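Student: I have just opened this one and would like a walk through it. Could you explain the terms as we go?
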There are 2 protein chains.
Amino acid sequence: MVAPPKSPGRPRSEDARLAILQAVDGMLVEEGYAAMTMKGIAERAGVGRQTVYRWWSSKAEILLEACTHDAIDELTVPAAESAAAEVAAFLGALAAFLTGSDAGLAYRALLGEAQHDEAVAKLLREADILGGAAARTIRRVQSHGALAGEGDLRGLVAELVGPLAFRVLAGDAAGIEGELEGMAERFLAR
Amino acid sequence: MVAPPKSPGRPRSEDARLAILQAVDGMLVEEGYAAMTMKGIAERAGVGRQTVYRWWSSKAEILLEACTHDAIDELTVPAAESAAAEVAAFLGALAAFLTGSDAGLAYRALLGEAQHDEAVAKLLREADILGGAAARTIRRVQSHGALAGEGDLRGLVAELVGPLAFRVLAGDAAGIEGELEGMAERFLAR
DNA sequence: CTAGATTCAAGTCATGGTGTCTCGAAATCG
DNA sequence: CGATTTCGAGACACCATGACTTGAATCTAG
């Protein structure tokens, strides 16, 4: 995964990279998105400004890198007995991710930015964070033979993720936990 | 709806108000969200900067006012014969709104901003643009007796709007029109 | 070990947006 | 008329941006 350094010159500092990612993560949580500036990131990371600009061209790119790994972890659920339990577990993980996790906060910030920045939209489409995780759960459920009908994968992902994601994005997620099982059942019965 | 002017002093200029709303609309479409600045809005509207700040405290507030009226129009569908046709018509209007309309572009920009700005989130929650429109369609379908099961209104709205909205927000809306009827059927059969 | 290449932290700089303030003119009230 | 409020226009200090410079550090190739 990590290419051995071939080119001459001083190699990229892993310390600086991690300090920047951590600074972005911390600033987003502690100070909010508005207070997150490239200048502030560099200062908080104890890093030159150019060092930030050399490797990322925008806040969004850093945020995406900071978000991706955690997101995959947080959205991966262990195999369950029944398909219903597995879907419900995924929805629980998704709700926790979107409403409570640092990575989820970053994801929502990115999705927000993508609504008025095509470059961010492209990045997010390529990373496909939610879609990838949902697709893994859907394929497992399909292999249990528990999902009726055809339906292309992208449509299925939208039906699984959409209702929950929309409520969170619209700021209407209070008490959503009690509805996850019902959502899982409805998805499987579609 | 419009309070008659009671206080002394020069009344608020309706011309200025409309010029500002129109400037915001045009700038969002023609130049994009990033190029939309309070300064630019004032200049494009031919209006003093203070005149903008006096009545709105952020881009988001102006955008919301510019969006709300059009949104209600665009998301209101005529009564149809069957419940399925009515739901499908609403989803068609919603898809057109989210992907093609100026007001929908503004709505998406606002929803995006809301992900990292609690003040915008509050505004959007109070305006409840999508939720209100969806609730009207749902109530009509319920009065036809065509919607099984209980389910609170907010949950129903999320199930109706969520899958489509998520696909659009995630930038995966290509060829969505062909799936609207299936989505409508699935919603009614839940 | 040297020469060349690349990165590092730190800082400077012009540009442009922010939000507040001031100004004189205009409009509406009592 | 006088008080009050809005109007357009612009000045102002402040801050983020992103390109640029500097001198040191760290790597490869020869």
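Tutor: Let me start with a term: a polar contact is a pair of N or O atoms within 3.5 Å, where within protein one atom must be able to donate a hydrogen and the other to accept it, and residues adjacent in sequence count only if both atoms are side-chain atoms. This is a predicted model, in which local features need pLDDT of at least 70 and side-chain atom pairs count only at pLDDT 80 or more, while totals for chains, interfaces and linings use all residues. Residues are numbered from 1 along each chain as its sequence is written, chains are lettered from A and ligands numbered from 1 in the order in which they are written, and side-chain values use heavy atoms, with hydrogens and water left out.

Student: OK, how far is the polar side-chain atom of A:Q50 from a base nitrogen of DNA strand D?
Tutor: The distance is 2.6 Å.

Student: Which elements give two or more residues to the surface near DNA strand D?
Tutor: They are α2 (38-45) and α3 (49-55) of chain A, together with α3 (49-55) of chain B. Helices here are DSSP runs (H or I, at least four residues), as strands are (E, at least two), and they are numbered from the N terminus. The largest share comes from α3(B), with 4 residues.

Student: And how many residues surround DNA strand D?
Tutor: There are 25, and the closest are A:M38, A:Q50, B:G9, B:R10 and B:T51. Sugar and phosphate make up 71% of the atoms of DNA strand D that come within 4 Å of the protein; a residue is near a strand if one of its heavy atoms lies within 4 Å of it.

Student: What classes do the residues near DNA strand D fall into?
Tutor: There are 8 nonpolar, 9 polar and 8 charged residues. Ala, Val, Leu, Ile, Met, Phe, Trp, Tyr, Cys and Pro count as nonpolar, Asp, Glu, Lys and Arg as charged, and the others, Gly among them, as polar.

Student: Which helix gives the most to the surface near DNA strand C?
Tutor: That is α3(A), with 5 residues. Sugar or phosphate accounts for 63% of the atoms of DNA strand C within 4 Å of the protein, and bases for the rest.

Student: Changing topic, what rotation superposes chain B on chain A?
Tutor: A rotation of 180° with 0.0 Å of shift along its axis does so, with an RMSD of 0.0 Å. That is the relation of a two-fold axis. The superposition is by least squares on the C-alpha atoms of residues with pLDDT of at least 70 in both copies. In chain B, the residue that comes closest to the rotation axis is B:G112, whose C-alpha is at 1.7 Å.

Student: What does B:Q115 contact, leaving aside its neighbours within four places in sequence?
Tutor: B:Q115 is in contact (heavy atoms within 4.5 Å) with A:R108, A:A109, A:G112 and A:L169. B:Q115 is found in the loop between α6 (102-114) and α7 (118-127) of chain B, and its side chain reaches the backbone oxygen of B:L111 at 3.1 Å.

Student: Is B:Q115 buried or exposed?
Tutor: B:Q115 is buried, with a relative accessible area of 7%. Buried means under 20% relative accessible area, exposed over 50%, and partly exposed in between (1.4 Å probe, protein chains only).

Student: How many residues of α6(A) are buried?
Tutor: In α6(A), 11 of its 13 residues are buried, including A:Y107, A:R108 and A:G112. At the start of α6(A), a side-chain oxygen of A:S101 reaches to within 2.9 Å of the backbone nitrogen of A:A103.
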